[in-house]
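Reader: I would like to go through this model by question and answer. Please start with the terms needed for the strands.

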Amino acid sequence: MPSVIRSLAPVLAVVLMTGTACTKESGDATTPPDGIPAADKSVRELTAALVKGDVSTLQTTPAKSPAAAQAELATVMGGMDGLHPSVVPGQITYHHKDQTATVPLDHSLPLGGLAWTWQTTAQLKYEFGAWKVDWKPQLVHPDLTEQTRLRHDRVIPARAAITGADGQALVETTVAYRVGVDKANLSSAQQPTVATALAKLVKIDPAQYVKQVKAAGARAFVPAITLREGKVPAAATTMKGVLAQPVEMPLGPSSSFAVGLLGTSGQATTEQVAAGKGDVLAGDYVGQSGLQKRYDARLRGTIGHRIELVQRTTPSASPSPSDSTQPAEQPDESASPSGSPGLGVVKELFASPAKPGTPVALSLDRNLQTRAEEALASQKGIASLAVVKVGSGDLLAAANSTASGASPNATFGHFPPGSTFKVVSSLALLRKGLTPTSTVPCTKTVNVNGRNFENYDDFPAGKVGNVTLTDALANSCNTAFLSQHAKLTDADLAAAAASLGVGVDHEAGFPSFFGSVPPAKDPVTKAANLIGQGQVEASPMAMAGVAASVASGKTVVPWLVADKKPAPKPTLSPTEAQQLQTMMKAVVSSGSGAALKGVATGAKTGTAEFGASKPPKTHAWMIAWNDKYAVAALVNEGKSGSKDAAPILKSFLAGG
């Protein structure tokens, strides 16, 4: 038997050799024919060109030149809003007989949270010493023909609103007007004159706007400014060549309303369009700052997408890059106005559903925010006012003066709180055994570790001497509190601050600073911390939270975003709260907060030095509360809380 097997071996060897030769010579294989290089490099160049949308440098077969291939690719993809899929090549198969190769290409394009995937097959031919691509529209999508192209349509859901107290809309989609020069209706000589006149009318830089108009396309509409309904100057509507183009965009009640929190919206930047991956296109209005930017995707919802195979149409002339109002191509006349498939649609290739945006609910009260901004209207410099609801901690208003611009100082400002922080220090001392009636020395000066401290300039001379802790707070005696610094550790002060909502960070969902009470670096700083200098910092919102905690009889942490409410630990006891209420009431009845009699129940003034100037500049503070509201006002550069901050609080609280 072994001899029979040995006798068949030469025959089997011949058969196997014959089969291998046949495959090598005329069949399909994963290796190229002898003497011909692999096509991998050409395949990589092809996939990169498809992803980039530029095949003008590809080596192609004579059937279609690179220029013709590029022209067809531009036509096929012209309605895709600049979207290009990723392309991953598969295994190359070589056809030895005719020196060609085929390779599958896997395409993928994520849209609306889904992925549109498909496969095409590329054909290459080896001729004249190189692999060349046989260009066909089916390289882009297998259903494409010489008569069809791809089109991307978006289904845009209504943008959700940012709402405030009682569901009032604070930011919602409304009509505004883009006012600008329509070059198509003006001669070249007229354009600079009209552009200059319009720029002066709407108060923008004339030279810069004229430059923009000159750089735009010959028939471009060049926006100068976007104005709210009713704010377009009447003169602009009668100027020849000026157009007021209506647009829908998210807007608040006014351009200044809570701008430090709500932020602004505007046309998408190039970076936002790129990051949007088809969900955001040029001309879309999206959040640019503040909560409008932070929650833009949530408010916008999920954009629906539809990819269709449609009949080719003749593209219009490419617009100037600055001509933002002209589409890249003329719309298909056969498409229905609703965006649903029309007669020109051959086939729907992909669809992802649109989902409406989700509103962002805030605690902000529209009427109180307006009132707070009016209370700051007379401030020439930077000033802020925060209003917190007693009992619940709702941030009802966070207003900043005009000079603050878009800075959210009311909620995010980092300022030394001055003597308003003595409420925190009082709580720390109460926990060390003092009572509101305990006697403390209120001297003209006090020396701490070699440094002399004194009372503020307007401190009443008749209040010097041994006083109760309540009187020390009511008249803001620095030396009385500084004299007690040895009784407290850093941890004592930090714990008292936390019980009043200060110094504990929270993921609040908006620009927020709840204060900082770090360990002191030396005895002098430790003492200075007790009077709100040293290293301690807080925002007006955080200090309004201090007043709210005292008034509420429990720890209150201000909140703005409904689904981001902090969960403070209830560390302020009813007894402690009652003691602090008594002391803060004395500030109004007989102390430095007398200006608030009739509008506030309890209060505390504050002045904090800052900067290196001689004499130093001072922040003017005041916090207060009544049965409805806890408030904090800060004037960035003032003389004292009673002189500069008190009028702001009185104006607000007297309103209701």
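Author: Two strands pair if DSSP finds at least two bridges between them. The model discussed here is predicted.

Reader: Over how many bridges do β7 and strand β14 pair?
Author: The cut-off for pairing is at least two bridges. Strand β14 covers residues 304-311, and its pairing with β7 is antiparallel.

Reader: Which residues of strand β6 are buried on each side?
Author: In a regular strand, side chains alternate between the two faces of the sheet. Strand β6 spans residues 130-133, and both of its faces are covered.

Reader: Which residue takes a positive phi in the hairpin of β5 and β6?
Author: Strand β5 (residues 114-127) pairs with β6 in the antiparallel sense over 4 bridges, and K125 stands opposite K132. The hairpin has 2 residues between the strands. The positive phi, near 55°, belongs to F128.

Reader: Is C442 buried or exposed?
Author: C442 lies in strand β19, residues 439-442. Buried means under 20% relative accessible area. C442 has a relative accessible area of 1%, so C442 is buried.

Reader: How far apart in space are C442 and N455, C-alpha to C-alpha?
Author: Leaving out residues up to four places away in sequence, C442 touches N455, F459, K463, V464, G465, V467, C477, T479 and A480. N455 is 13 residues from C442 in sequence. The C-alpha to C-alpha separation of C442 and N455 is 9.1 Å.

Reader: What is the make-up of the lining of the largest cavity, by class?
Author: A search of the whole structure finds 2 cavities of 30 Å³ or more, and the largest holds about 70 Å³ of space. Its lining is formed by L50, L73, M77, H84, P85, V87, H107, W118 and V140. By class, the lining of the largest cavity has 2 polar, no charged and 7 nonpolar residues.

Reader: Which element gives the most to the lining of the second largest cavity?
Author: The second largest cavity has a volume of about 30 Å³ and is lined by L488, T489, D490, L493, K526, N529 and L530. At least two lining residues come from each of α16 (490-499) and α17 (523-530). With 3 residues, the element that gives the most is α17.

Reader: Which element supplies the largest share of the lining of the second largest pocket?
Author: This pocket has a volume of about 920 Å³. It is lined by 35 residues, and Y456, Q533, T607, E609 and T618 are the closest to its centre. Elements that give two or more residues to the lining are β21 (451-454), α15 (478-482), β23 (602-610) and α20 (641-653). The largest share, 6 residues, comes from β23.

Terms used. Residues are numbered from 1 along each chain as its sequence is written. This is a predicted model: local features need pLDDT of at least 70, side-chain atom pairs count only at pLDDT 80 or more; totals for chains, interfaces and linings use all residues. Side-chain values use heavy atoms; hydrogens and water are left out. On a 1 Å grid over the protein atoms alone, a cavity is a set of points where a 1.4 Å probe fits but cannot get out, and a pocket is an open set with protein on both sides within 12 Å along at least five of seven lines; lining residues have an atom within 4 Å of a point. Grid points are joined across faces, edges and corners, and a volume is the space filled by probe spheres set on the points. Buried means under 20% relative accessible area, exposed over 50%, partly exposed in between (1.4 Å probe, protein chains only). Contact means heavy atoms within 4.5 Å. Ala, Val, Leu, Ile, Met, Phe, Trp, Tyr, Cys and Pro count as nonpolar, Asp, Glu, Lys and Arg as charged, and the others, Gly among them, as polar.
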